[in-house]
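This report describes one protein chain from its atoms. It covers charged pairs, a sheet, a core and backbone angles.

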Amino acid sequence: PKQELDIVQFSAPMFAVETNEGILTVDIMRIGRMIGECSFAYTTQDNSAIHGKNYLETSGSITMKDGQSTASFQVPVLKNPHFRPTLEFRVALSTPKGCILGKYLQTSRVKVMNT
């Protein structure tokens with residue numbers, strides 16, 4: 001029988017963070033049998049929020065171990081005195097190995113609220 005690959009995706013279509021929090025934790029979930037390792041890359045992408053002004057560009061890779069169902073990474077959020085009330089950037093998953101990306105939640109929006 002053909003083994004189905006686990007699905008890896010963000011835990012929500014949108015995350016929110018306030019600038020006074022200083023850091024956003026982005027949660028990722030793995031759906032399936034959780035047998036064996038699964039790895040993938042993540043990155044941030046500008047939208048109305050710009051890296052270096054509103055957040056720090058973040059990228060890397062995560063390997064989920066056998067039996068591991070959740071993972072996360074952090075994105076630093078910057079205070080900016082010329083900041084509009086709410087800005088957005090995106091987080092994205094790519095290059096899965098030993099798993100596949102969720103059809104709809106391989107990217108998520110991040111709302112950054114000025115506080």
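Which residue forms a salt bridge with lysine 111, and how far apart are the closest N and O atoms? The partner is glutamate 88, at 2.9 Å.

## Basis of the values

This is a predicted model, in which local features need pLDDT of at least 70 and side-chain atom pairs count only at pLDDT 80 or more, while totals for chains, interfaces and linings use all residues. Residues are numbered from 1 along each chain as its sequence is written, and side-chain values use heavy atoms, with hydrogens and water left out.

## Salt bridges

The structure holds four salt bridges, a salt bridge being a side-chain nitrogen of Lys or Arg within 4 Å of a carboxyl oxygen of Asp or Glu. In one of them, lysine 111 meets glutamate 88. This pair links distant parts of the chain, with lysine 111 in strand β9 (residues 107-113) and glutamate 88 in strand β7, 23 residues apart. Strands here are DSSP runs (E, at least two residues), numbered from the N terminus. Lysine 111 counts as partly exposed at 26% relative accessibility, whereas glutamate 88 counts as buried at 12%. Buried means under 20% relative accessible area, exposed over 50% and partly exposed in between (1.4 Å probe, protein chains only). Arg109 joins Glu88 and Lys111 in a network of salt bridges.

Aspartate 6 and arginine 30 also meet through their side chains in a salt bridge, at 2.7 Å from N to O. Aspartate 6 belongs to strand β1 (residues 6-10) and arginine 30 to strand β3, 24 residues apart. Both aspartate 6 and arginine 30 are buried. Another salt bridge joins glutamate 37 to lysine 65, with 3.3 Å between the closest N and O atoms. Glutamate 37 lies in the loop between β3 and β4 (38-46) and lysine 65 in the loop between β5 (59-64) and β6, so this pair ties together parts 28 residues apart in sequence. Glutamate 37 is partly exposed, with a relative accessible area of 49%, and lysine 65 is partly exposed at 46%.

## The four-stranded sheet

Four strands form an open sheet in the order β6-β3-β1-β8, with mixed pairing. Its edge strands, β6 (70-76) and β8 (99-101), each pair on one side only. Two strands pair if DSSP finds at least two bridges between them. Direction ignored, neighbouring strands of this sheet are turned by 25 degrees against each other on average; axes are lines fitted to C-alpha atoms, and angles run from 0 to 180 degrees between N-to-C directions.

Strand β3 (residues 23-31) runs antiparallel to β6, and seven bridges join them. Isoleucine 28 has alanine 71 in β6 as its bridge partner.

## Nonpolar core

The largest nonpolar core has 27 residues. Such a core is a set of buried Ala, Val, Leu, Ile, Met, Phe, Trp, Tyr and Cys residues joined through side-chain atoms within 4.5 Å. Leu24, Phe73 and Phe89 have the most contacts inside the core. Strand β7 (residues 86-97) gives the largest share, four residues.

## Positive phi angles

Methionine 34 is not a glycine, yet has a positive phi of about 60 degrees. Methionine 34 lies in the loop between β3 and β4 and counts as buried at 18% relative accessibility.

Threonine 95, in strand β7, has a positive phi near 40 degrees. At 49% relative accessibility, threonine 95 counts as partly exposed.
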